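Q: Hi! Could you walk me through this one while I have it open?

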Amino acid sequence: DCSQWEDIWLSASSKLQEWDIVHEVAKFCGRDDASLDSIWRTSDWTQPETLRIVSNLRKPPSAFGLRNAVFDTYVALEGLKSNPESASEVSSVIEAGIQTCLRGWDAIPRLHTGAHQVFLHHFQMFVEMYETSSLYAALGAGGPALMRPQFLSELKGVLLSWRERLPSKWDDVDLWSDILAWRQHVFSSLNQSFMSSDTVLG
């Protein structure tokens, strides 16, 4: 009974976007999956301290399934900024996430269910992470690389496609907040890199 109440409380708080409450309840109940979801939406993942907390909470891939794969992929993307040579490793992580989505999609019934929405949502996340992988490699190079026409053109293309690629207005609010949290992390990384670049070039 207690576990059921915990699930209801966490679900209700997430629907209301009360992520601070979700984090406190998840810590009390030992729910690392809910803790990660709250940190994903409330913390700056460009900061080393946040990444340390995340690395302590992350589990083997089978534990949280697709969610764990999303967090692993984002951590790998952040690593690209300090090690641009790891691009092939990041591509492998993204490819593994996409393959997990495809295998999961193939295993569910053809009749539309809520599971289809989950796999479509995560597939979109991995596609967007793939689109930004080359951008993150450029962020690692920094300085003049960020002012190159090729980088700016690619960045403009990605952002324009994101503007057209929003969840449906009938989709669950959690899907909206997940997509917006991911994009906010990308914008924070871009902003941080451009500010550092201005300091260096100035």
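Q: How much accessible surface does the chain have, and what share belongs to carbon and sulfur atoms?
A: This is a predicted model, and in it the accessible surface of the chain comes to about 11,300 Å². Carbon and sulfur atoms hold 59% of that surface.

Q: And what percentage of the residues count as buried?
A: Of the 202 residues of the chain, 40% count as buried.

Q: What about the overall dimensions: what does the C-alpha trace span?
A: Along its principal axes the trace spans about 60 × 40 × 30 Å.

Q: OK, secondary structure next. How many helices and strands are there?
A: The chain has 10 helices and 0 strands. Reading from the N terminus, the order is α-α-α-α-α-α-α-α-α-α.

Q: What fraction of the contacts in the chain with a separation of 6 or more comes from residues 24 or more positions apart?
A: That fraction is 62%.

Q: Good to know. Now aromatics: how many pairs does the structure hold?
A: The structure holds 7 aromatic pairs. One of them is tryptophan 40 with tyrosine 74: the ring centres are 5.6 Å apart and the planes sit at 80°, so the pair is edge-to-face.

Q: Which helices do those two residues lie in?
A: Tryptophan 40 lies in helix 3 (residues 32-42) and tyrosine 74 in helix 6 (residues 66-82), so this pair ties together parts that are 34 residues apart in sequence.

Q: Are the two residues buried or exposed?
A: Tryptophan 40 has 0% relative accessibility, so this residue counts as buried. Tyrosine 74 is buried as well, with a relative accessible area of 0%.

Q: What other aromatic pair does tyrosine 74 form?
A: Tyrosine 74 also pairs edge-to-face with tyrosine 136, at 6.3 Å centre to centre and 85° between the planes. This pair links distant parts of the chain, with tyrosine 74 in helix 6 and tyrosine 136 in helix 8, 62 residues apart. Both tyrosine 74 and tyrosine 136 are buried.

Q: Which residues form the aromatic cluster?
A: One cluster is formed by Trp40, Phe71, Tyr74, Tyr136, Trp162, Trp182 and Phe187.

Q: Let me jump to glutamine 124. Where does that residue lie?
A: Glutamine 124 lies in helix 8, which covers residues 114-141.

Q: Buried or exposed?
A: Glutamine 124 counts as buried, because its relative accessibility is 18% and the cut-off for buried is under 20%.

Q: So which residues does glutamine 124 touch, beyond those up to four places away in sequence?
A: Those are Arg165, Ile179 and Arg183.

Q: And how far is glutamine 124 from threonine 42?
A: The two are 82 residues apart in sequence, and their C-alpha atoms are 21 Å apart in space.

Q: Backbone question now: what is the phi of glutamine 17?
A: Glutamine 17 has a positive phi of about 60°, although this residue is not a glycine. For context, most residues other than glycine have a negative phi.

Q: Where does glutamine 17 lie?
A: Glutamine 17 lies in the loop between helix 1 (2-15) and helix 2 (19-29). With a relative accessible area of 28%, glutamine 17 is partly exposed.

Q: What about serine 13: where does that residue lie, and is it buried or exposed?
A: Serine 13 lies in helix 1. This serine is buried, with a relative accessible area of 3%.

Q: Which residues is serine 13 in contact with, leaving aside its neighbours within four places in sequence?
A: Serine 13 is in contact with Glu18, Ile21 and Val22.

Q: Last one, on charges: how far apart are the mean positions of the positive and negative charges?
A: The mean positions of the 17 positive and 26 negative charges of the chain are 4 Å apart.

Conventions. Residues numbered from 1 in each chain as written. Predicted model: local features only at pLDDT ≥ 70, side-chain atom pairs only at ≥ 80, totals over all residues. Heavy atoms only, no water. Helix = DSSP H or I, 4+ residues; strand = E, 2+ residues; numbered from the N terminus. Buried < 20%, exposed > 50% of the residue type's maximum accessible area, 1.4 Å probe, protein only. Contact = heavy atoms within 4.5 Å. Areas by Shrake-Rupley, 256 points an atom, 1.4 Å probe, with all protein chains shown as cover. Lys, Arg positive; Asp, Glu negative; His and termini not counted. Charge placed at Lys NZ, Arg CZ, Asp CG, Glu CD. Phe/Tyr/Trp six-rings, centres within 6.5 Å; stacked < 30°, edge-to-face > 60°.
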